[in-house]
Amino acid sequence: AVIAGMINRMADKKLIFIIATVSTADLPYFFEKKLNQYKEDLEYSNFEAEYIQSPSSNSQKNKNQDMQVQLRPEQNKVYIFGKATFGRGRIFTEQNVIYDFVHECKQQGYSIAYIRDEAHIGEKKDKSSADIQTFENLMAENAEYILRMTATFNKRDNQTEKIELTEKELKDPDKNNGKWLIKCTPKYLKNEAITDKEIISQAIEDFKQVQQEYKNLNIGILNIGIRPA
């Protein structure tokens, strides 16, 4: 919604969106699928989201072909990167692909919007990796808009402007019509004498049903990669 809103309201600007997320459990791949699936319901859907994966520089095939990689800016496009892309042994790192891409965007007059997913994960770890920290610095210096998303933000940080999505807003039917898989409508017990064991048993059955509903969404082109805990 943020991406669609920016494109819709800033038609006079050339925008590029860069999203970085953790690389575990194919998260960047499913991020791409979800964006392309959900965008049809947004106020502006004429944009492309693509997961960009860096080839390994250790691959013998890539070494034999002396592989050269380039990224070209496209207006309103969303480029999704897993943080492993910027680690050692990656062509993107060794050939400064991201650095060249960002500076080509700036030279062509694009405004970069940087979105960091799971921002609470890896801040200390990032500092131990020169490659990843260099990427974060590159975004901080060149992105015109920066949005960091997290479920557990640092409340002691008074320097960063925070926008919080509250439980009250999630329950507001005008803001949440159930389309985005957010469910927070409580079920009230009709029988106050029900035992803890009975509650657990019913919860397990309900959970199995929820799992099956998500499995139905994870078939073929509808595969959105959500696996309930």
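**Helices across a parallel sheet**

Guide: In this predicted model, helix α1 (residues 2-9) lies across β1, β3, β4 (111-116) and β5, and its direction is at about 170 degrees to that of β1.

Visitor: What makes α1 a helix that "lies across" these strands, and which of its residues are buried?

Guide: Contact requires heavy atoms within 4.5 Å. The buried residues of α1 are Ile-3, Ala-4, Gly-5, Met-6 and Ile-7. Their cover includes β1, β3, β4 and β5.

Visitor: How do you know that β2 and β5 are edge strands?

Guide: Five strands form an open sheet in the order β2-β3-β1-β4-β5, with parallel pairing. Strands β2 (49-51) and β5 (145-148) each pair on one side only, and they are therefore its edges. From one strand to the next, the twist averages 20 degrees.

Visitor: Why are β1 and β3 called a pair?

Guide: The definition asks for at least two bridges between two strands. Five bridges join β1 (residues 15-21) to β3 (residues 78-82), so the two strands pair, and they run parallel. Within this pairing, Ile-18 stands opposite Tyr-79 in β3.

Visitor: Which other helix lies across β1, β3 and β4?

Guide: Helix α5 does, running at about 155 degrees to β1. Glu-104 has its place in this helix, which spans residues 97-107.

Visitor: Why is Glu-104 called buried?

Guide: The term applies under 20% relative accessible area. Glu-104 has 17%, so Glu-104 counts as buried. Apart from residues up to four places away in sequence, Glu-104 touches Leu-71, Arg-72 and Pro-73.

Visitor: What makes the approach of Glu-104 to Gln-108 a polar contact?

Guide: The cut-off is 3.5 Å between N or O atoms, one able to donate a hydrogen and the other to accept it. The side chains of Glu-104 and Gln-108 are joined at 2.9 Å, and this counts as a polar contact.

Visitor: How do you know that Asn-142 is buried?

Guide: Its relative accessibility is 11%, against a limit of 20%, so Asn-142 is classed as buried. Asn-142 belongs to helix α7 (residues 130-142). Its side chain reaches the backbone oxygen of Leu-138 at 2.9 Å. Neighbours within four places in sequence aside, Asn-142 is in contact with Val-102, His-103, Lys-106 and Ile-112.

Visitor: What makes the phi of Asn-76 worth noting?

Guide: Most residues other than glycine have a negative phi. Asn-76 has a positive value, near 70 degrees. Asn-76 is located in the loop between α3 (60-65) and β3. With a relative accessible area of 11%, under the 20% limit, Asn-76 is therefore buried.

Visitor: Why is Asn-96 called partly exposed?

Guide: Buried means under 20% and exposed over 50%, with partly exposed in between. Asn-96 has 45% relative accessibility, so Asn-96 is partly exposed. The loop between α4 (91-94) and α5 holds Asn-96. Its phi is likewise positive, near 55 degrees.

Visitor: What is the pattern of helices and strands along the whole chain?

Guide: The protein chain has nine helices and five strands, in the pattern α-β-α-β-α-β-α-α-β-α-α-β-α-α. Of its 229 residues, 32% count as buried. Among contacts with a separation of 6 or more, 73% come from residues 24 or more positions apart. The chain exposes about 15,500 Å², and carbon and sulfur atoms supply 49% of that area.

Terms used
Residues are numbered from 1 along each chain as its sequence is written. This is a predicted model: local features need pLDDT of at least 70, side-chain atom pairs count only at pLDDT 80 or more; totals for chains, interfaces and linings use all residues. Side-chain values use heavy atoms; hydrogens and water are left out. Helices (H or I, at least four residues) and strands (E, at least two) are DSSP runs, numbered from the N terminus. Buried means under 20% relative accessible area, exposed over 50%, partly exposed in between (1.4 Å probe, protein chains only). Accessible areas come from the Shrake-Rupley method with a 1.4 Å probe; for residues, only the protein chains shown count as cover. Axes are lines fitted to C-alpha atoms, for helices over the stretch in contact, and angles run from 0 to 180 degrees between N-to-C directions.
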